Amino acid sequence: MIISWNTTKKCNLSCKHCYRESGPDVTSTSELDTAQGKRLIDQIKESGFKILILSGGEPLLREDIFELASYADSNGLRPALGSNGMMISSKIAEKIVSSGISVVSISLDSATEKYHDDFRNSSGSWQKAVKGIKNSIDAGLKVQINTTLTENNFEQFEDVVDLATNLGVGSVHPFFLVPTGRGVHIEQESLKRDKYFQMIKMVMKMQGDSDLELKPTCAPQFVPISKDMGIETRFTRGCIAGIRYCCILPNGDVHICPYLPVKTGNVIDKPFNRIWHESEVFKKLRNFREYEGQCGSCNNLNICGGCRARAYYYNEGNYMSEDPWCNGGGR
């Protein structure tokens with residue numbers, strides 16, 4: 001049971017693919033305040049969630065982020081931080097640890113500077129991210145690297161894994177680009193179907209040979225593929241959106257996942273625990289008979305589910321339709 005809270009749209013980067021369209025020029029102040037955030041955390045706990053990912057934008061730009069993390073930790077949740085890493089100095093890393101956060105995920109899209117800096121629209125962002133990774137590890141934090149894969153950098157993934165190993169990182173999660181937010185403008189850079197499945201299989205083969213955790217994200221077919229390959233993972237279903245996962249936007253809107261702009265309610269108008277249990281959207285996602293097309297008839301529906309965000313984008317907003325990249329779990 002994992003929930004992602006995009007605590008702010010403010011960010012010190014303006015990345016080409018940002019699903020939340022965050023950036024330095026964002027002026028919106030429609031964010032849950034500290035008191036509302038603490039009420040939300042209470043409701044998240046009541047709903048049975050175990051892990052709270054504090055993300056953004058860049059969550060370290062929220063002045064109360066450590067207060068919120070500490071509150072979550074004191075309520076029995078396991079807070080984690082999703083960051084671009086650029087603000088994580090040694091001092092900030094110590095504050096992260098003191099707040100109860102034990103895991104930080106940091107975005108790194110290449111083992112070298114040029115691609116990452118271009119993709120993130122900021123010169124020097126790669127160096128600062130790597131420094132943030134080092135500072136986090138030195139402070140005793142577990143670090144996960146998130147790498148967004150496109151047609152332009154998928155061949156660099158093995159180098160990213162090698163860099164992660166050398167840095168002492170515990171896991172690398174390749175994110176397969178989904179056209180949403182600013183990502184719709186670079187849809188043509190998404191991995192095409194054949195290459196997509198080749199990449200999943202390559203990542204899972206690497207997992208079988210690596211001590212790192214390698215988990216394809218926005219690529220739910222990795223679960224049946226890993227099963228076929230005899231690769232053990234701790235993951236039992238590919239897409240858990242609406243089943244054991246959802247996200248909350250800065251203004252309190254509840255969405256199925258960060259990459260799928262379908263609103264199920266707003267926590268200011270209705271307590272999150274009621275939205276989670278009563279939303280008709282969530283009920284549909286939990287009823288496997290509601291799934292359509294190849295996903296609905298697939299033998300792997302219970303362990304895969306297809307990417308609901310990709311289904312939404314390529315099927316005119318029908319998030320229950322088939323994932324067009326599916327082919328029976330990649331077989």
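**Entry 1: the whole chain**

I began with contacts in the protein chain: among those with a separation of 6 or more, 68% are between residues 24 or more positions apart. I note that the model is predicted.

I then looked up the secondary structure and found 12 helices and 10 strands in the protein chain. The radius of gyration is 19 Å, close to the 20 Å that the globule rule gives for 331 residues, so the chain is as compact as a globular protein of that length. Taken along the principal axes, the box filled by the C-alpha atoms is roughly 50 × 45 × 35 Å.

**Entry 2: surface and charge**

I looked up burial next: 57% of the 331 residues count as buried. The protein chain exposes about 14000 Å², and carbon and sulfur atoms supply 46% of that area.

For charge, I found 39 positive and 39 negative charges in the protein chain. Their mean positions lie 4 Å apart.

**Entry 3: Asp253**

Is Asp253 buried or exposed? The relative accessible area of Asp253 is 11%. The cut-off for buried is under 20%, so Asp253 counts as buried.

I then listed what Asp253 touches, leaving out residues up to four places away in sequence. The list is Cys247, Ile248, Lys263, Gly265 and Asn266. With Asn266 there is also a polar contact: the side chains of Asp253 and Asn266 are joined at 2.7 Å.

Note on methods:
Residues numbered from 1 in each chain as written. Predicted model: local features only at pLDDT ≥ 70, side-chain atom pairs only at ≥ 80, totals over all residues. Heavy atoms only, no water. Buried < 20%, exposed > 50% of the residue type's maximum accessible area, 1.4 Å probe, protein only. Polar contact = N/O pair within 3.5 Å; in protein donor to acceptor, adjacent residues only side chain to side chain. Contact = heavy atoms within 4.5 Å. Helix = DSSP H or I, 4+ residues; strand = E, 2+ residues; numbered from the N terminus. Rg over C-alpha atoms; globule rule 2.2 N^0.38 Å. Areas by Shrake-Rupley, 256 points an atom, 1.4 Å probe, with all protein chains shown as cover. Lys, Arg positive; Asp, Glu negative; His and termini not counted. Charge placed at Lys NZ, Arg CZ, Asp CG, Glu CD.
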